Protein chains: 2
Amino acid sequence: MRALATHPAARGLNDDCAVLELGSETLVLTHDAMAEGVHFLRGQDPADVAWKLVATNLSDLAAKGAEPVGVLLGYQLGTNDDRFVAGLAEVLACYNVPLLGGDTIAASSAQVLGLTALGRATYQPAPSRSGAQAGDELWITGPVGAAMLGLEALRNGHGESLAYRRPAALLAEGRALAPLVSAMMDVSDGLLLDASRMAAASDVTIDIDRSAVPIATPEDRRDEALRWGEDYQLLFTAPPGSTFLVPVHRIGQVHTRGPAALLLDGKVPTGKLGYQHGS
Amino acid sequence: MRALATHPAARGLNDDCAVLELGSETLVLTHDAMAEGVHFLRGQDPADVAWKLVATNLSDLAAKGAEPVGVLLGYQLGTNDDRFVAGLAEVLACYNVPLLGGDTIAASSAQVLGLTALGRATYQPAPSRSGAQAGDELWITGPVGAAMLGLEALRNGHGESLAYRRPAALLAEGRALAPLVSAMMDVSDGLLLDASRMAAASDVTIDIDRSAVPIATPEDRRDEALRWGEDYQLLFTAPPGSTFLVPVHRIGQVHTRGPAALLLDGKVPTGKLGYQHGS
(Lines give C-alpha, C1' and ligand atoms only; values in the text may rest on other atoms or scores of the structure.)
Protein backbone atom coordinates (compact mmCIF):
# COMPACT_ATOMS: atom_id res chain seq x y z
CA MET A 1 0.00 0.00 0.00
CA ARG A 2 2.10 2.83 -1.26
CA ALA A 3 0.67 6.13 -2.41
CA LEU A 4 -2.99 5.21 -2.24
CA ALA A 5 -3.31 4.49 1.46
CA THR A 6 -1.79 7.77 2.56
CA HIS A 7 -3.78 10.13 0.36
CA PRO A 8 -7.00 11.49 1.88
CA ALA A 9 -8.90 10.59 -1.29
CA ALA A 10 -7.93 6.95 -0.80
CA ARG A 11 -8.57 6.74 2.92
CA GLY A 12 -10.28 3.52 3.87
CA LEU A 13 -9.48 1.91 0.53
CA ASN A 14 -8.21 -1.28 2.11
CA ASP A 15 -10.50 -1.56 5.08
CA ASP A 16 -12.42 -4.79 4.87
CA CYS A 17 -15.85 -3.31 4.35
CA ALA A 18 -17.76 -0.10 4.08
CA VAL A 19 -20.75 0.15 6.40
CA LEU A 20 -23.42 2.56 5.30
CA GLU A 21 -26.75 3.58 6.75
CA LEU A 22 -29.24 3.85 3.91
CA GLY A 23 -32.88 4.35 4.65
CA SER A 24 -34.00 1.62 6.99
CA GLU A 25 -31.03 -0.67 6.23
CA THR A 26 -27.38 -0.87 7.13
CA LEU A 27 -25.47 -1.82 4.01
CA VAL A 28 -22.15 -3.57 4.06
CA LEU A 29 -20.01 -3.31 0.94
CA THR A 30 -16.70 -4.86 0.05
CA HIS A 31 -14.56 -5.12 -3.08
CA ASP A 32 -11.60 -7.41 -3.69
CA ALA A 33 -9.45 -7.78 -6.76
CA MET A 34 -7.41 -10.84 -7.73
CA ALA A 35 -4.64 -11.11 -10.31
CA GLU A 36 -3.38 -14.19 -12.13
CA GLY A 37 0.12 -15.06 -10.94
CA VAL A 38 -0.38 -13.13 -7.71
CA HIS A 39 -3.64 -14.19 -6.07
CA PHE A 40 -4.15 -17.32 -8.08
CA LEU A 41 -1.79 -19.59 -9.94
CA ARG A 42 -1.35 -19.37 -13.67
CA GLY A 43 -3.19 -22.37 -15.06
CA GLN A 44 -5.34 -22.88 -11.98
CA ASP A 45 -8.85 -24.18 -12.65
CA PRO A 46 -10.94 -21.06 -13.36
CA ALA A 47 -13.86 -22.65 -11.48
CA ASP A 48 -11.77 -22.54 -8.31
CA VAL A 49 -10.72 -18.98 -9.05
CA ALA A 50 -14.36 -17.96 -9.31
CA TRP A 51 -15.13 -19.75 -6.07
CA LYS A 52 -12.34 -18.01 -4.20
CA LEU A 53 -13.14 -14.58 -5.62
CA VAL A 54 -16.71 -14.83 -4.37
CA ALA A 55 -15.99 -16.64 -1.10
CA THR A 56 -13.31 -14.20 0.04
CA ASN A 57 -15.64 -11.26 -0.47
CA LEU A 58 -18.48 -13.05 1.31
CA SER A 59 -16.02 -13.71 4.14
CA ASP A 60 -15.67 -9.95 4.57
CA LEU A 61 -19.45 -9.75 4.91
CA ALA A 62 -19.36 -12.65 7.40
CA ALA A 63 -17.01 -10.68 9.63
CA LYS A 64 -19.63 -7.94 9.77
CA GLY A 65 -22.41 -10.37 10.62
CA ALA A 66 -23.96 -9.38 7.30
CA GLU A 67 -26.29 -11.34 5.07
CA PRO A 68 -25.32 -11.21 1.37
CA VAL A 69 -27.64 -9.33 -0.98
CA GLY A 70 -25.68 -9.89 -4.18
CA VAL A 71 -22.42 -9.46 -6.03
CA LEU A 72 -21.12 -7.53 -9.03
CA LEU A 73 -18.33 -9.03 -11.11
CA GLY A 74 -15.58 -7.34 -13.08
CA TYR A 75 -14.47 -10.11 -15.42
CA GLN A 76 -11.52 -10.07 -17.77
CA LEU A 77 -12.02 -12.82 -20.35
CA GLY A 78 -9.52 -15.64 -19.92
CA THR A 79 -8.55 -18.94 -21.46
CA ASN A 80 -11.51 -20.94 -20.14
CA ASP A 81 -14.47 -18.73 -19.41
CA ASP A 82 -16.89 -21.68 -19.31
CA ARG A 83 -15.04 -23.14 -16.33
CA PHE A 84 -15.10 -19.77 -14.61
CA VAL A 85 -18.84 -19.48 -15.09
CA ALA A 86 -19.32 -23.04 -13.82
CA GLY A 87 -17.45 -22.22 -10.61
CA LEU A 88 -19.30 -18.94 -10.30
CA ALA A 89 -22.61 -20.74 -10.55
CA GLU A 90 -21.50 -23.23 -7.89
CA VAL A 91 -20.37 -20.70 -5.33
CA LEU A 92 -23.37 -18.43 -5.86
CA ALA A 93 -25.71 -21.41 -5.45
CA CYS A 94 -23.83 -22.64 -2.38
CA TYR A 95 -24.29 -19.33 -0.60
CA ASN A 96 -27.60 -18.49 -2.27
CA VAL A 97 -26.33 -15.15 -3.56
CA PRO A 98 -27.44 -13.56 -6.85
CA LEU A 99 -25.14 -12.04 -9.44
CA LEU A 100 -26.53 -8.52 -9.73
CA GLY A 101 -24.40 -7.32 -12.62
CA GLY A 102 -20.93 -6.34 -13.61
CA ASP A 103 -18.72 -5.89 -16.61
CA THR A 104 -16.76 -8.10 -18.97
CA ILE A 105 -13.64 -6.87 -20.72
CA ALA A 106 -11.15 -8.37 -23.12
CA ALA A 107 -7.47 -7.60 -22.52
CA SER A 108 -4.36 -9.43 -23.61
CA SER A 109 -2.48 -9.30 -20.32
CA ALA A 110 -2.66 -11.51 -17.22
CA GLN A 111 -6.18 -11.87 -15.95
CA VAL A 112 -7.37 -9.44 -13.28
CA LEU A 113 -10.75 -9.99 -11.68
CA GLY A 114 -12.76 -7.86 -9.31
CA LEU A 115 -15.79 -8.58 -7.21
CA THR A 116 -18.04 -6.33 -5.18
CA ALA A 117 -20.24 -7.95 -2.56
CA LEU A 118 -23.20 -6.17 -1.06
CA GLY A 119 -24.82 -7.25 2.19
CA ARG A 120 -27.20 -6.06 4.83
CA ALA A 121 -26.20 -6.01 8.46
CA THR A 122 -28.19 -8.42 10.63
CA TYR A 123 -27.04 -6.80 13.88
CA GLN A 124 -26.31 -3.17 14.61
CA PRO A 125 -23.78 -1.81 15.08
CA ALA A 126 -22.02 -4.16 12.70
CA PRO A 127 -18.80 -5.43 14.33
CA SER A 128 -15.58 -3.72 13.31
CA ARG A 129 -11.94 -4.48 13.97
CA SER A 130 -11.63 -1.43 16.23
CA GLY A 131 -13.86 -2.44 19.15
CA ALA A 132 -11.53 -4.69 21.19
CA GLN A 133 -11.37 -3.67 24.86
CA ALA A 134 -8.72 -4.38 27.49
CA GLY A 135 -9.92 -7.38 29.48
CA ASP A 136 -11.58 -9.04 26.47
CA GLU A 137 -10.58 -12.47 25.35
CA LEU A 138 -9.44 -13.31 21.80
CA TRP A 139 -11.14 -16.12 19.88
CA ILE A 140 -10.97 -17.81 16.49
CA THR A 141 -13.54 -20.00 14.75
CA GLY A 142 -11.17 -22.72 13.52
CA PRO A 143 -7.67 -23.79 12.57
CA VAL A 144 -5.13 -21.83 10.53
CA GLY A 145 -2.62 -23.33 8.11
CA ALA A 146 -5.07 -25.38 6.04
CA ALA A 147 -4.79 -23.08 3.03
CA MET A 148 -0.99 -23.24 3.27
CA LEU A 149 -1.08 -27.03 3.03
CA GLY A 150 -3.68 -26.77 0.27
CA LEU A 151 -1.47 -24.50 -1.83
CA GLU A 152 1.46 -26.89 -1.37
CA ALA A 153 -0.71 -29.80 -2.43
CA LEU A 154 -1.84 -27.90 -5.51
CA ARG A 155 1.73 -26.98 -6.44
CA ASN A 156 3.01 -30.50 -5.83
CA GLY A 157 0.16 -32.07 -7.75
CA HIS A 158 -0.89 -34.41 -4.93
CA GLY A 159 -2.65 -34.12 -1.59
CA GLU A 160 -5.75 -32.23 -0.53
CA SER A 161 -5.92 -28.70 -1.90
CA LEU A 162 -9.57 -27.86 -1.26
CA ALA A 163 -8.89 -25.48 1.65
CA TYR A 164 -6.77 -23.33 -0.65
CA ARG A 165 -8.94 -23.67 -3.75
CA ARG A 166 -12.40 -23.36 -2.22
CA PRO A 167 -12.29 -21.55 1.12
CA ALA A 168 -15.52 -21.29 3.05
CA ALA A 169 -17.15 -17.98 3.91
CA LEU A 170 -18.36 -18.34 7.51
CA LEU A 171 -21.59 -16.42 7.02
CA ALA A 172 -23.70 -18.34 9.53
CA GLU A 173 -20.94 -18.13 12.14
CA GLY A 174 -20.56 -14.40 11.56
CA ARG A 175 -24.27 -13.78 12.01
CA ALA A 176 -24.33 -15.87 15.19
CA LEU A 177 -21.30 -14.08 16.64
CA ALA A 178 -22.04 -10.48 15.63
CA PRO A 179 -24.29 -9.67 18.63
CA LEU A 180 -21.72 -11.10 21.07
CA VAL A 181 -18.36 -9.72 19.95
CA SER A 182 -16.55 -6.47 20.70
CA ALA A 183 -14.45 -6.68 17.51
CA MET A 184 -14.38 -9.09 14.58
CA MET A 185 -12.51 -9.58 11.29
CA ASP A 186 -11.64 -12.44 8.99
CA VAL A 187 -8.12 -13.81 8.86
CA SER A 188 -7.09 -13.29 5.27
CA ASP A 189 -3.44 -12.27 5.52
CA GLY A 190 -2.20 -14.32 8.48
CA LEU A 191 -3.33 -14.62 12.08
CA LEU A 192 -0.47 -12.60 13.57
CA LEU A 193 -0.72 -9.82 11.01
CA ASP A 194 -4.50 -9.57 11.18
CA ALA A 195 -4.48 -9.69 14.99
CA SER A 196 -1.90 -6.88 15.00
CA ARG A 197 -4.22 -4.86 12.75
CA MET A 198 -7.12 -5.44 15.10
CA ALA A 199 -4.95 -4.38 18.04
CA ALA A 200 -3.78 -1.25 16.24
CA ALA A 201 -7.31 -0.31 15.17
CA SER A 202 -8.60 -0.84 18.72
CA ASP A 203 -5.58 0.84 20.37
CA VAL A 204 -4.96 -2.17 22.58
CA THR A 205 -2.32 -4.86 22.91
CA ILE A 206 -3.33 -8.38 21.92
CA ASP A 207 -1.36 -11.24 23.44
CA ILE A 208 -1.82 -14.54 21.61
CA ASP A 209 -1.28 -17.83 23.44
CA ARG A 210 0.80 -19.61 20.80
CA SER A 211 -0.05 -23.15 21.85
CA ALA A 212 -3.80 -22.44 22.09
CA VAL A 213 -4.17 -21.59 18.40
CA PRO A 214 -5.77 -24.50 16.51
CA ILE A 215 -3.64 -25.43 13.52
CA ALA A 216 -4.28 -27.67 10.54
CA THR A 217 -0.57 -28.44 10.12
CA PRO A 218 1.88 -30.68 11.95
CA GLU A 219 3.16 -29.08 15.14
CA ASP A 220 6.58 -28.29 13.66
CA ARG A 221 4.92 -25.88 11.23
CA ARG A 222 2.97 -23.97 13.87
CA ASP A 223 4.92 -20.74 13.38
CA GLU A 224 4.27 -20.81 9.64
CA ALA A 225 0.59 -21.57 10.15
CA LEU A 226 0.23 -18.54 12.41
CA ARG A 227 1.68 -16.35 9.65
CA TRP A 228 -0.08 -17.85 6.63
CA GLY A 229 -3.31 -16.35 5.39
CA GLU A 230 -6.29 -17.38 3.26
CA ASP A 231 -8.01 -19.58 5.83
CA TYR A 232 -10.79 -17.02 6.34
CA GLN A 233 -11.49 -17.99 9.91
CA LEU A 234 -13.21 -15.32 11.96
CA LEU A 235 -11.06 -13.67 14.62
CA PHE A 236 -12.93 -11.84 17.34
CA THR A 237 -12.81 -10.46 20.85
CA ALA A 238 -15.49 -10.68 23.53
CA PRO A 239 -15.83 -9.93 27.24
CA PRO A 240 -14.63 -12.73 29.56
CA GLY A 241 -17.28 -15.32 30.35
CA SER A 242 -18.96 -15.02 26.94
CA THR A 243 -20.46 -18.17 25.50
CA PHE A 244 -21.13 -18.83 21.84
CA LEU A 245 -23.45 -21.10 19.91
CA VAL A 246 -20.83 -21.96 17.29
CA PRO A 247 -17.54 -23.81 17.82
CA VAL A 248 -14.77 -21.37 18.75
CA HIS A 249 -11.30 -21.46 20.31
CA ARG A 250 -9.94 -19.03 22.88
CA ILE A 251 -6.46 -18.03 21.78
CA GLY A 252 -5.46 -14.91 23.69
CA GLN A 253 -6.09 -11.87 25.80
CA VAL A 254 -6.63 -8.15 25.17
CA HIS A 255 -4.62 -5.74 27.35
CA THR A 256 -4.35 -1.98 27.62
CA ARG A 257 -2.03 -0.73 24.95
CA GLY A 258 1.63 -1.34 25.72
CA PRO A 259 4.74 -0.67 23.64
CA ALA A 260 3.74 -3.33 21.09
CA ALA A 261 0.32 -3.92 19.53
CA LEU A 262 0.88 -7.66 19.25
CA LEU A 263 2.51 -10.16 21.60
CA LEU A 264 2.96 -13.91 21.22
CA ASP A 265 3.26 -15.63 24.60
CA GLY A 266 4.03 -12.20 26.09
CA LYS A 267 6.86 -11.36 23.68
CA VAL A 268 7.06 -9.36 20.46
CA PRO A 269 6.93 -11.93 17.63
CA THR A 270 9.91 -12.02 15.31
CA GLY A 271 9.99 -11.97 11.51
CA LYS A 272 7.21 -11.27 9.06
CA LEU A 273 3.73 -11.43 10.60
CA GLY A 274 1.86 -12.34 7.42
CA TYR A 275 1.12 -11.39 3.85
CA GLN A 276 1.41 -7.67 3.12
CA HIS A 277 -0.57 -6.40 0.13
CA GLY A 278 1.22 -4.35 -2.46
CA SER A 279 4.61 -4.88 -0.88
CA MET B 1 -19.55 -11.37 -24.84
CA ARG B 2 -18.83 -15.00 -25.29
CA ALA B 3 -19.59 -17.65 -22.70
CA LEU B 4 -20.48 -15.36 -19.85
CA ALA B 5 -23.51 -13.69 -21.33
CA THR B 6 -25.21 -16.91 -22.30
CA HIS B 7 -24.83 -18.83 -19.06
CA PRO B 8 -27.70 -18.44 -16.58
CA ALA B 9 -25.21 -17.69 -13.80
CA ALA B 10 -23.93 -14.71 -15.75
CA ARG B 11 -27.29 -13.36 -16.86
CA GLY B 12 -27.45 -9.60 -16.57
CA LEU B 13 -23.68 -9.30 -16.27
CA ASN B 14 -23.46 -6.54 -18.84
CA ASP B 15 -26.66 -4.72 -18.22
CA ASP B 16 -25.91 -1.15 -17.29
CA CYS B 17 -27.12 -1.26 -13.73
CA ALA B 18 -28.72 -3.48 -11.16
CA VAL B 19 -31.79 -2.02 -9.49
CA LEU B 20 -32.61 -3.46 -6.11
CA GLU B 21 -35.33 -2.74 -3.58
CA LEU B 22 -33.75 -2.75 -0.14
CA GLY B 23 -35.78 -1.65 2.84
CA SER B 24 -37.14 1.81 2.12
CA GLU B 25 -34.66 2.55 -0.68
CA THR B 26 -34.18 1.57 -4.30
CA LEU B 27 -30.50 0.91 -4.83
CA VAL B 28 -28.82 1.26 -8.18
CA LEU B 29 -25.52 -0.56 -8.65
CA THR B 30 -23.08 -0.63 -11.51
CA HIS B 31 -19.59 -2.00 -12.09
CA ASP B 32 -17.22 -1.20 -14.94
CA ALA B 33 -13.73 -2.45 -15.60
CA MET B 34 -11.08 -0.71 -17.71
CA ALA B 35 -7.83 -2.17 -19.06
CA GLU B 36 -4.69 -0.35 -20.14
CA GLY B 37 -4.26 -0.58 -23.89
CA VAL B 38 -7.96 -1.31 -24.38
CA HIS B 39 -10.04 1.28 -22.53
CA PHE B 40 -7.27 3.77 -21.98
CA LEU B 41 -4.03 4.43 -23.79
CA ARG B 42 -0.75 3.15 -22.51
CA GLY B 43 1.01 6.18 -21.05
CA GLN B 44 -2.17 8.21 -20.63
CA ASP B 45 -2.23 10.51 -17.61
CA PRO B 46 -3.47 8.33 -14.72
CA ALA B 47 -5.42 11.31 -13.38
CA ASP B 48 -7.55 11.24 -16.54
CA VAL B 49 -7.92 7.46 -16.27
CA ALA B 50 -9.26 7.86 -12.74
CA TRP B 51 -11.64 10.54 -13.90
CA LYS B 52 -13.01 8.43 -16.69
CA LEU B 53 -13.35 5.30 -14.56
CA VAL B 54 -15.49 7.16 -12.05
CA ALA B 55 -17.42 9.35 -14.51
CA THR B 56 -18.46 6.44 -16.74
CA ASN B 57 -19.89 4.55 -13.78
CA LEU B 58 -21.66 7.67 -12.52
CA SER B 59 -23.08 8.05 -16.02
CA ASP B 60 -24.77 4.66 -15.59
CA LEU B 61 -26.35 5.98 -12.40
CA ALA B 62 -27.38 9.15 -14.25
CA ALA B 63 -29.31 7.08 -16.77
CA LYS B 64 -31.32 5.65 -13.88
CA GLY B 65 -32.03 9.08 -12.41
CA ALA B 66 -30.02 7.94 -9.40
CA GLU B 67 -28.11 10.01 -6.90
CA PRO B 68 -24.62 8.59 -6.14
CA VAL B 69 -24.04 7.20 -2.66
CA GLY B 70 -20.43 6.18 -3.12
CA VAL B 71 -17.93 4.11 -5.06
CA LEU B 72 -15.63 1.15 -4.42
CA LEU B 73 -12.35 0.94 -6.32
CA GLY B 74 -10.39 -2.11 -7.44
CA TYR B 75 -6.97 -0.64 -8.10
CA GLN B 76 -3.97 -2.36 -9.63
CA LEU B 77 -0.87 -0.36 -8.78
CA GLY B 78 0.63 1.33 -11.82
CA THR B 79 3.51 3.52 -12.78
CA ASN B 80 2.20 6.75 -11.28
CA ASP B 81 -0.23 6.06 -8.48
CA ASP B 82 0.01 9.62 -7.14
CA ARG B 83 -1.43 10.98 -10.38
CA PHE B 84 -4.22 8.44 -10.27
CA VAL B 85 -5.11 9.46 -6.73
CA ALA B 86 -5.02 13.13 -7.72
CA GLY B 87 -7.51 12.51 -10.52
CA LEU B 88 -9.62 10.34 -8.26
CA ALA B 89 -9.80 13.12 -5.70
CA GLU B 90 -10.80 15.60 -8.42
CA VAL B 91 -13.62 13.55 -9.89
CA LEU B 92 -15.00 12.53 -6.49
CA ALA B 93 -14.97 16.15 -5.36
CA CYS B 94 -16.55 17.31 -8.62
CA TYR B 95 -19.51 14.98 -8.17
CA ASN B 96 -19.46 15.07 -4.36
CA VAL B 97 -19.18 11.28 -4.11
CA PRO B 98 -17.30 9.44 -1.34
CA LEU B 99 -14.86 6.57 -1.86
CA LEU B 100 -16.39 3.89 0.35
CA GLY B 101 -13.63 1.32 0.04
CA GLY B 102 -12.03 -1.12 -2.31
CA ASP B 103 -8.88 -3.08 -2.82
CA THR B 104 -5.38 -2.44 -4.07
CA ILE B 105 -3.31 -5.13 -5.71
CA ALA B 106 0.14 -5.33 -7.23
CA ALA B 107 0.52 -7.24 -10.47
CA SER B 108 3.15 -7.08 -13.16
CA SER B 109 0.86 -7.06 -16.17
CA ALA B 110 -1.04 -4.27 -17.91
CA GLN B 111 -3.15 -2.29 -15.49
CA VAL B 112 -6.78 -3.37 -15.01
CA LEU B 113 -9.05 -1.20 -12.90
CA GLY B 114 -12.56 -1.74 -11.64
CA LEU B 115 -15.10 0.54 -10.09
CA THR B 116 -18.44 -0.13 -8.47
CA ALA B 117 -20.80 2.80 -8.07
CA LEU B 118 -23.73 2.69 -5.69
CA GLY B 119 -26.65 5.07 -5.96
CA ARG B 120 -30.17 5.56 -4.73
CA ALA B 121 -33.02 6.05 -7.15
CA THR B 122 -34.63 9.48 -6.93
CA TYR B 123 -37.67 8.43 -8.93
CA GLN B 124 -39.47 5.10 -9.00
CA PRO B 125 -39.59 3.08 -11.05
CA ALA B 126 -36.06 3.92 -12.14
CA PRO B 127 -35.97 4.25 -15.94
CA SER B 128 -34.67 1.28 -17.90
CA ARG B 129 -33.81 0.75 -21.54
CA SER B 130 -36.80 -1.50 -22.02
CA GLY B 131 -39.67 0.96 -21.59
CA ALA B 132 -39.84 2.62 -25.02
CA GLN B 133 -43.37 2.59 -26.48
CA ALA B 134 -44.55 2.88 -30.08
CA GLY B 135 -45.52 6.51 -30.64
CA ASP B 136 -42.82 7.87 -28.31
CA GLU B 137 -40.19 10.28 -29.52
CA LEU B 138 -36.45 9.69 -29.19
CA TRP B 139 -34.26 12.35 -27.57
CA ILE B 140 -30.63 12.94 -26.69
CA THR B 141 -29.10 15.42 -24.24
CA GLY B 142 -26.27 16.66 -26.45
CA PRO B 143 -23.88 16.06 -29.35
CA VAL B 144 -22.05 12.86 -30.19
CA GLY B 145 -18.58 12.66 -31.71
CA ALA B 146 -16.79 14.89 -29.20
CA ALA B 147 -14.95 11.97 -27.59
CA MET B 148 -13.88 10.74 -31.03
CA LEU B 149 -12.28 14.11 -31.77
CA GLY B 150 -10.79 14.14 -28.27
CA LEU B 151 -9.13 10.77 -28.75
CA GLU B 152 -7.69 11.91 -32.08
CA ALA B 153 -6.35 15.06 -30.43
CA LEU B 154 -4.75 13.01 -27.67
CA ARG B 155 -3.16 10.61 -30.16
CA ASN B 156 -1.94 13.44 -32.38
CA GLY B 157 -0.59 15.42 -29.47
CA HIS B 158 -2.49 18.60 -30.35
CA GLY B 159 -6.04 19.86 -30.15
CA GLU B 160 -8.69 19.58 -27.46
CA SER B 161 -8.89 16.13 -25.87
CA LEU B 162 -10.94 16.92 -22.76
CA ALA B 163 -14.14 15.27 -24.02
CA TYR B 164 -12.28 11.98 -24.35
CA ARG B 165 -10.16 12.30 -21.22
CA ARG B 166 -12.73 13.71 -18.80
CA PRO B 167 -16.29 12.90 -19.87
CA ALA B 168 -19.10 14.36 -17.82
CA ALA B 169 -21.62 12.23 -15.96
CA LEU B 170 -25.00 13.89 -16.54
CA LEU B 171 -26.34 13.25 -13.05
CA ALA B 172 -28.46 16.40 -12.76
CA GLU B 173 -29.92 15.83 -16.22
CA GLY B 174 -30.70 12.22 -15.40
CA ARG B 175 -32.53 13.16 -12.23
CA ALA B 176 -34.51 15.85 -14.04
CA LEU B 177 -35.47 13.50 -16.85
CA ALA B 178 -36.21 10.30 -14.90
CA PRO B 179 -39.83 11.16 -14.05
CA LEU B 180 -40.59 12.11 -17.67
CA VAL B 181 -39.06 9.36 -19.78
CA SER B 182 -40.37 5.97 -20.88
CA ALA B 183 -36.85 4.56 -21.39
CA MET B 184 -33.37 5.93 -20.80
CA MET B 185 -29.72 4.84 -21.13
CA ASP B 186 -26.36 6.49 -21.60
CA VAL B 187 -24.60 6.38 -24.95
CA SER B 188 -21.33 4.64 -24.18
CA ASP B 189 -20.76 2.42 -27.20
CA GLY B 190 -22.17 4.52 -30.06
CA LEU B 191 -25.55 6.13 -30.68
CA LEU B 192 -26.69 3.63 -33.30
CA LEU B 193 -25.59 0.58 -31.33
CA ASP B 194 -27.05 1.81 -28.05
CA ALA B 195 -30.31 2.87 -29.74
CA SER B 196 -30.56 -0.58 -31.30
CA ARG B 197 -30.12 -2.10 -27.83
CA MET B 198 -32.88 0.09 -26.46
CA ALA B 199 -35.13 -0.92 -29.33
CA ALA B 200 -34.38 -4.62 -28.81
CA ALA B 201 -34.93 -4.40 -25.05
CA SER B 202 -38.22 -2.54 -25.60
CA ASP B 203 -39.32 -4.74 -28.52
CA VAL B 204 -39.92 -1.72 -30.73
CA THR B 205 -38.32 -0.23 -33.82
CA ILE B 206 -36.47 3.03 -33.37
CA ASP B 207 -36.05 5.24 -36.43
CA ILE B 208 -33.36 7.89 -36.05
CA ASP B 209 -33.55 11.08 -38.09
CA ARG B 210 -29.91 11.23 -39.19
CA SER B 211 -29.75 14.98 -39.76
CA ALA B 212 -31.42 15.81 -36.44
CA VAL B 213 -28.67 14.26 -34.34
CA PRO B 214 -26.45 16.97 -32.86
CA ILE B 215 -22.80 16.25 -33.65
CA ALA B 216 -19.56 17.75 -32.36
CA THR B 217 -17.73 16.95 -35.59
CA PRO B 218 -17.67 18.49 -39.06
CA GLU B 219 -20.64 17.40 -41.16
CA ASP B 220 -18.54 15.05 -43.31
CA ARG B 221 -17.87 12.91 -40.26
CA ARG B 222 -21.52 12.59 -39.20
CA ASP B 223 -21.70 8.86 -39.90
CA GLU B 224 -18.66 8.21 -37.76
CA ALA B 225 -19.99 10.39 -34.96
CA LEU B 226 -23.22 8.38 -34.88
CA ARG B 227 -21.19 5.20 -34.40
CA TRP B 228 -18.56 6.41 -31.96
CA GLY B 229 -19.07 5.98 -28.24
CA GLU B 230 -17.78 7.46 -25.02
CA ASP B 231 -19.73 10.70 -25.14
CA TYR B 232 -22.04 9.59 -22.32
CA GLN B 233 -25.00 11.62 -23.48
CA LEU B 234 -28.36 10.41 -22.21
CA LEU B 235 -30.59 8.79 -24.83
CA PHE B 236 -34.26 8.55 -23.92
CA THR B 237 -37.79 8.17 -25.17
CA ALA B 238 -40.88 10.04 -24.04
CA PRO B 239 -44.48 10.44 -25.14
CA PRO B 240 -45.05 13.07 -27.86
CA GLY B 241 -45.60 16.57 -26.51
CA SER B 242 -43.32 16.08 -23.51
CA THR B 243 -41.34 19.08 -22.36
CA PHE B 244 -38.12 18.99 -20.37
CA LEU B 245 -36.33 21.39 -18.08
CA VAL B 246 -32.90 20.51 -19.45
CA PRO B 247 -31.59 21.08 -22.99
CA VAL B 248 -32.45 18.11 -25.20
CA HIS B 249 -32.66 17.30 -28.91
CA ARG B 250 -35.36 15.27 -30.62
CA ILE B 251 -33.67 12.78 -32.94
CA GLY B 252 -36.19 10.13 -33.85
CA GLN B 253 -39.38 8.14 -33.46
CA VAL B 254 -40.43 4.88 -31.85
CA HIS B 255 -42.60 2.53 -33.92
CA THR B 256 -44.17 -0.86 -33.37
CA ARG B 257 -41.58 -3.52 -33.94
CA GLY B 258 -40.82 -4.12 -37.62
CA PRO B 259 -38.26 -6.43 -39.26
CA ALA B 260 -35.37 -4.33 -37.96
CA ALA B 261 -34.90 -2.91 -34.45
CA LEU B 262 -33.07 0.15 -35.74
CA LEU B 263 -33.63 2.37 -38.74
CA LEU B 264 -31.74 5.43 -39.89
CA ASP B 265 -33.92 7.72 -42.00
CA GLY B 266 -36.26 4.77 -42.47
CA LYS B 267 -33.57 2.34 -43.71
CA VAL B 268 -31.47 -0.33 -42.02
CA PRO B 269 -28.08 1.30 -41.33
CA THR B 270 -25.05 -0.32 -42.96
CA GLY B 271 -21.76 -1.35 -41.38
CA LYS B 272 -20.81 -1.56 -37.73
CA LEU B 273 -23.19 0.28 -35.40
CA GLY B 274 -20.69 0.99 -32.63
CA TYR B 275 -18.19 -0.46 -30.24
CA GLN B 276 -18.86 -4.08 -29.23
CA HIS B 277 -17.40 -5.22 -25.91
CA GLY B 278 -15.37 -8.40 -25.78
CA SER B 279 -15.45 -8.89 -29.54
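These legends go with a set of close-up views of a predicted model.

Residue numbers start from 1 along each chain as its sequence is written, while chains are lettered from A and ligands numbered from 1 in the order in which they are written.

**View 1**
Chain A has a mean pLDDT of 92, with 93% of its residues at 70 or more; pLDDT is the predictor's confidence in each residue, from 0 to 100. For the complex, the predictor gives an ipTM of 0.83 and a pTM of 0.88.

Chain A splits into domain 1 (3–121) and domain 2 (137–264), with bounds that come from an automatic or database domain assignment. Their C-alpha centres sit 22 Å apart. Domain 1 of chain A puts 17 residues into the contact, and domain 2 of chain A puts in 19 residues; two residues are in contact if their C-beta atoms, placed from the backbone, lie within 7 Å. On the domain 1 side, helix H2 (46–62) and strand S3 (66–76) of chain A are the elements that give two or more residues. H2(A) gives the most to that side, with ten residues. Helices (H or I, at least four residues) and strands (E, at least two) are DSSP runs, numbered from the N terminus. By class, the domain 1 side has nine nonpolar, three polar and five charged residues. In that count, Ala, Val, Leu, Ile, Met, Phe, Trp, Tyr, Cys and Pro are nonpolar, Asp, Glu, Lys and Arg are charged, and the others, Gly among them, are polar.

**View 1. Two helices crossing in chain B.**
Two packed helices are described by the angle between their axes and the distance between the axes. Here, the axes of H2 (residues 46–62) and H3 (residues 81–95) of chain B come within 6 Å and cross at roughly 35°. Axes are lines fitted to C-alpha atoms, for helices over the stretch in contact, and angles run from 0 to 180 degrees between N-to-C directions. The H2(B)–H3(B) crossing is right-handed: a crossing is left-handed if the near helix is turned anticlockwise from the far one by less than a right angle, and right-handed if clockwise. Residues to look for on H2(B) include Trp51(B), Val54(B) and Leu58(B), and those on H3(B) include Phe84(B), Leu88(B) and Tyr95(B).

**View 2. The five-stranded sheet of chain B.**
This open sheet of five strands runs in the order S1-S2-S5-S3-S4 (chain B), with mixed pairing. Its edge strands, S1 (18–22) and S4 (99–105) of chain B, each pair on one side only. From one strand to the next, the twist averages 20°. S1(B) pairs with S2 (residues 25–35) of chain B in the antiparallel sense over five bridges, and two strands pair if DSSP finds at least two bridges between them. Ala18(B) has Leu29(B) in S2(B) as its bridge partner. H2(B) packs on the sheet, touching S2, S3 (66–76) and S5 of chain B, and its direction makes about 30° with that of S5(B).

**View 3. The six-stranded sheet of chain B.**
Here the strand order is S7-S9-S6-S10-S8-S11 (chain B), in an open sheet of six strands with mixed pairing. S7 (183–186) and S11 (262–264) of chain B are the edge strands. Neighbouring strands are turned by 25° against each other on average, direction ignored. Look for Trp139(B) opposite Arg250(B). H7 (residues 191–202) of chain B lies across S7, S8 (204–208), S9 (234–238) and S11 of chain B, at about 155° to S8(B).

**View 4. Gly252(A) and what stands opposite.**
In chain A, S10 (residues 249–256) runs antiparallel to S6 (residues 137–140), joined by four bridges. S8 (residues 204–208) of chain A is also antiparallel to S10(A), with five bridges. Gly252(A) in S10(A) has Leu138(A) opposite, and Ile208(A) stands opposite Gly252(A) too.

Most residues other than glycine have a negative phi, and most peptide bonds are trans. Gln124(A) and Pro125(A) are joined by a cis peptide bond, with omega about -5°; Pro125(A) is in the loop between S5 (112–121) and S6 of chain A. In chain B, a cis bond links Gln124(B) to Pro125(B), with omega about -5°. Glu230(B) has a positive phi, near 70°, and belongs to the loop between H8 (222–225) and S9 of chain B.

Note on methods:
Predicted model: local features only at pLDDT ≥ 70, side-chain atom pairs only at ≥ 80, totals over all residues.
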